[in-house]
Amino acid sequence: MATLSVLDLSPVPEGSTVAQSLKNTLDLARHAERLGYHRYWLAEHHNMPGIASAATSVVIGHVAAGTSTIRVGAGGIMLPNHAPLIIAEQFGTLAALHPGRIDLGLGRAPGTDMLTARALRRNMEAGVDTFPQDVIELMNYFAPAEPSQRVRAVPGEGEQVEVWVLGSSTYGAQLAAMLGLPYAFASHFAPAELEHAIDIYRSRFQPSERLSKPRLMLGLNVVAADTDAEAELHFSSLQQAFVNLRSGRPGKLPAPVENYAATLDPMAKGMLASALSCAIVGSPASVKSGLDAFVNRTGADELMVTAQVFDHAARVKSFEILAEVNQSLSKAA
């Protein structure tokens, strides 16, 4: 079976606060570590009231300091928003503080709307078009410094930071394959080009000093509960959040609503069916069959699981059920 990891957007539920969300993030990370999850990733999003992980490297430090063995990292840092040297210094610092545990996933999307991206970058001329060069520059800062090197990442140089390319299209697959890097595909919210991206990455992969063969991670929504009905109720929070975001009304994570999907018009239903097609929602038995089918279909090496659940205790329980299900599948295999 595939290795399981956690993607946490540090959701801010309606009626709650950023401070509480960050406490929940650390609590979930400690549970994930105890349950045997391999990584715990945070994501960079800006100007979104329902996501508390905008200062991603800061939250990574918070989580890494509060855990001891689980790998912690970014899924991801939106590199066009930052100078590569700054990210090398930030993640070099994290790696120095937490040796052998820090991951750096790199994306080329802004992680926000274009007005906010302009506020972040100031200069919009440097952006997605320079992403490949920026990735290479960043990785070079992690290499041991050359004697004549005038610009160095301190901390950063010589640090063991595991670098991933993230993507929701075939662009990232091509770049990861060309550079010989592990690749994470955002199938948890943009699954349209999943099969095509997988094929491109695996068929075009060029071994590198960092990686000898392809390593594929896929994003997956999993909401598990004691019954299918309970899981569907929890899942309605993410459904509402998606509809609100696509309607230009981003907000905090809504409370669950009974039979929410039945209230939607056909266009909204179609949008959800497309965007959230890589979702496994249900009882332990339903999750087991869904997980087995997804791994067999994709051959993923690792699953980056996210669960936007309103109630924190229910979110923790969802990850507990998933860990138990995966363990039973591993024993069966």
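I began with the aromatic residues and found Y183, F185, Y201 and F205 forming one aromatic cluster. This is a predicted model, where local features need pLDDT of at least 70 and side-chain atom pairs count only at pLDDT 80 or more, while totals for chains, interfaces and linings use all residues. Residues are numbered from 1 along each chain as its sequence is written, and side-chain values use heavy atoms, with hydrogens and water left out.

**Rings**

I looked up the aromatic pairs and got five for the structure. Rings of Phe, Tyr and Trp (its six-membered ring) pair if their centres lie within 6.5 Å; planes under 30 degrees apart count as stacked, over 60 as edge-to-face and the rest as tilted. Y183 and Y201 have ring centres 5.4 Å apart and planes at 45 degrees, so I wrote this pair down as tilted. Y183 sits in strand β6 and Y201 in helix α7 (residues 194–204), so the pair ties together parts 18 residues apart in sequence. Helices (H or I, at least four residues) and strands (E, at least two) are DSSP runs, numbered from the N terminus.

Is Y183 buried or exposed? It is buried, with a relative accessible area of 0%, and Y201 is buried with a relative accessible area of 0%. (Buried means under 20% relative accessible area, exposed over 50%, partly exposed in between, with a 1.4 Å probe and protein chains only.) Next I checked Y201 with F205: the ring centres are 5.7 Å apart and the planes at 80 degrees, so that pair is edge-to-face.

**Cores**

In soluble globular proteins, nonpolar side chains tend to be buried together. I looked for nonpolar cores, meaning sets of buried Ala, Val, Leu, Ile, Met, Phe, Trp, Tyr and Cys residues joined through side-chain atoms within 4.5 Å. The largest has 90 residues, and F91, L104 and L303 have the most contacts inside it. Helix α11 (residues 312–332) gives the most to this core, eight residues. I then picked L104: leaving aside neighbours within four places in sequence, its contacts (heavy atoms within 4.5 Å) include F91, L138, F142 and W164. I also noted a second, separate core of 10 residues, with L7, A43, L166 and M217 among them.

**Pockets and a cavity**

Grid points are joined across faces, edges and corners, and a volume is the space filled by probe spheres set on the points.

The largest pocket holds about 1100 Å³ of space. It has 48 lining residues, and L9, H45, M48, H188 and F189 are the closest to its centre. Which element gives the largest share of this lining? I found α8, with six residues.

The second largest pocket has about 310 Å³. Its lining is 16 residues, with Q160, V161, E162, V163 and R210 nearest the centre.

Last, I searched the whole structure for cavities of 30 Å³ or more and got one. The largest cavity has a volume of about 40 Å³, and P11, P13, N24, V309, F310, H312 and R315 line it.

Conventions. 1 Å grid on protein atoms, 1.4 Å probe; cavity = no way out; pocket = protein on both sides within 12 Å on 5 of 7 lines; lining within 4 Å.
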